[in-house]
Number of protein chains: 2
Amino acid sequence: MKFPATALALLGLAAPALAADIPYPDGYRNWRHVKSMVIQPGHALFDAFGGIHHLYANDKSLQGYETGQFPDASVIVFDLLDASAADHAITEGARKVVGVMHKDAKKFAATGGWGFEGFGGGDRDKRVVGKNAATACFACHAAQKDHDYVFSSARD
Amino acid sequence: MKFPATALALLGLAAPALAADIPYPDGYRNWRHVKSMVIQPGHALFDAFGGIHHLYANDKSLQGYETGQFPDASVIVFDLLDASAADHAITEGARKVVGVMHKDAKKFAATGGWGFEGFGGGDRDKRVVGKNAATACFACHAAQKDHDYVFSSARD
């Protein structure tokens, strides 16, 4: 037997997240830049995350970086760009994906209170995770339970 | 004959910039992150700028990135961190220097309207450029005259 998500919500049950539950993170390029990292060829995650990525945090999530517990409406963006290595330098290229973690403890209870989405090429209309968040995202993030499922830490 | 800088200022002449003319850029970590780059061993600038650097722009300078002409009070920060390459990834380390470009067309007329300073290790009390801006900074930036002496360009 299958209930529509709205019915499940009325019953107070955690429904699988709908893609549309996670909005494109408008204005994230003006959020706090948390940190960056380069993932190079040969890395186990290169196929998925190769390139240079920057993490951006909205105001709500800054509380989470401080306390280790992220309040609802926390949003963290994983902004992945191509990286070109040439002449002993690595420079940024085209955007590959805008990954989003969006906290709503009730709505996303099945995945640690976080909804996950990716926007291919940064295009708000190209959702690349959709209903696969549990396997495509949370499977790895689950290991970070002690930091509320977030990998990155804040630095000065 | 030599005038003190204050006397030159009273006369309306461009005095060589004093280090103290360029304040430490308080709060720059909350400014717009413009772009990033990694400079690796073997690069001609490795000794000076090896590591991963991030550029941050204050609100005034965002106008400059759009128009190519930066208004007075534009400040751009070059935030240089150590970069560790291991296991096919490059991660950030300790801060090496906080470089600053501060626009004041009159005060810094001798160096393209920009004052330059560096804060060693990010320490506001460790000024590493001081009176050497012309040779330590502007000698290279002069080549960027067509972009108001700024190397970086904005991206989305």
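Between chain B and chain A, 24 residue pairs are in polar contact, counting pairs with both residues at pLDDT 80 or more. The model is a predicted one. Salt bridges between the two chains number 2. In a salt bridge, the side chain of B:R155 meets that of A:E92, at 2.6 Å from N to O.

Which elements of chain B give two or more residues to the side that touches chain A? They are β1 (32-39), β2 (51-57) and β4 (89-103) of chain B. The largest share comes from β1(B), with 8 residues. By class, this side of chain B has 10 nonpolar, 9 polar and 8 charged residues.

Now take the contact as a whole. Chain B gives 27 residues and chain A gives 27 residues. The size of an interface is often given as the accessible area lost when the parts come together. Here chain B and chain A bury about 2,300 Å² between them. Carbon and sulfur atoms carry 46% of that area.

Next comes the symmetry. Two copies of a chain are related by a rotation about an axis and a shift along it. The same surface serves both copies, and 100% of the contact residues of chain B recur in chain A.

Strand β4 of chain A, residues 89-103, pairs with β1(B) in the antiparallel sense, over 3 bridges. A:I90 has B:V38 as its bridge partner in β1(B). A:T91 stands opposite B:M37 in that strand.

Strand β3, residues 75-86, pairs with β4(A) in the antiparallel sense over 11 bridges. A:E92 of β4(A) stands opposite A:A83. A:E92 is also the residue whose side chain meets B:R155 in a salt bridge. β3(A) and β4(A) form a hairpin, with 2 residues between the strands. In the turn, A:D87 has a positive phi of about 55°.

Strand β5 of chain A, residues 114-120, is joined to β4(A) by 7 bridges. These two strands run antiparallel. A:V97 has A:G120 as its bridge partner in β5(A).

How values were computed. Residues numbered from 1 in each chain as written. Chains lettered and ligands numbered in written order. Predicted model: local features only at pLDDT ≥ 70, side-chain atom pairs only at ≥ 80, totals over all residues. Heavy atoms only, no water. Contact = heavy atoms within 4.5 Å. Buried area = accessible area lost by both parts, 1.4 Å probe. Salt bridge = Lys/Arg side-chain N within 4 Å of Asp/Glu carboxyl O. Polar contact = N/O pair within 3.5 Å; in protein donor to acceptor, adjacent residues only side chain to side chain. Helix = DSSP H or I, 4+ residues; strand = E, 2+ residues; numbered from the N terminus. Nonpolar A, V, L, I, M, F, W, Y, C, P; charged D, E, K, R; others polar. Pairing = 2+ DSSP bridges.
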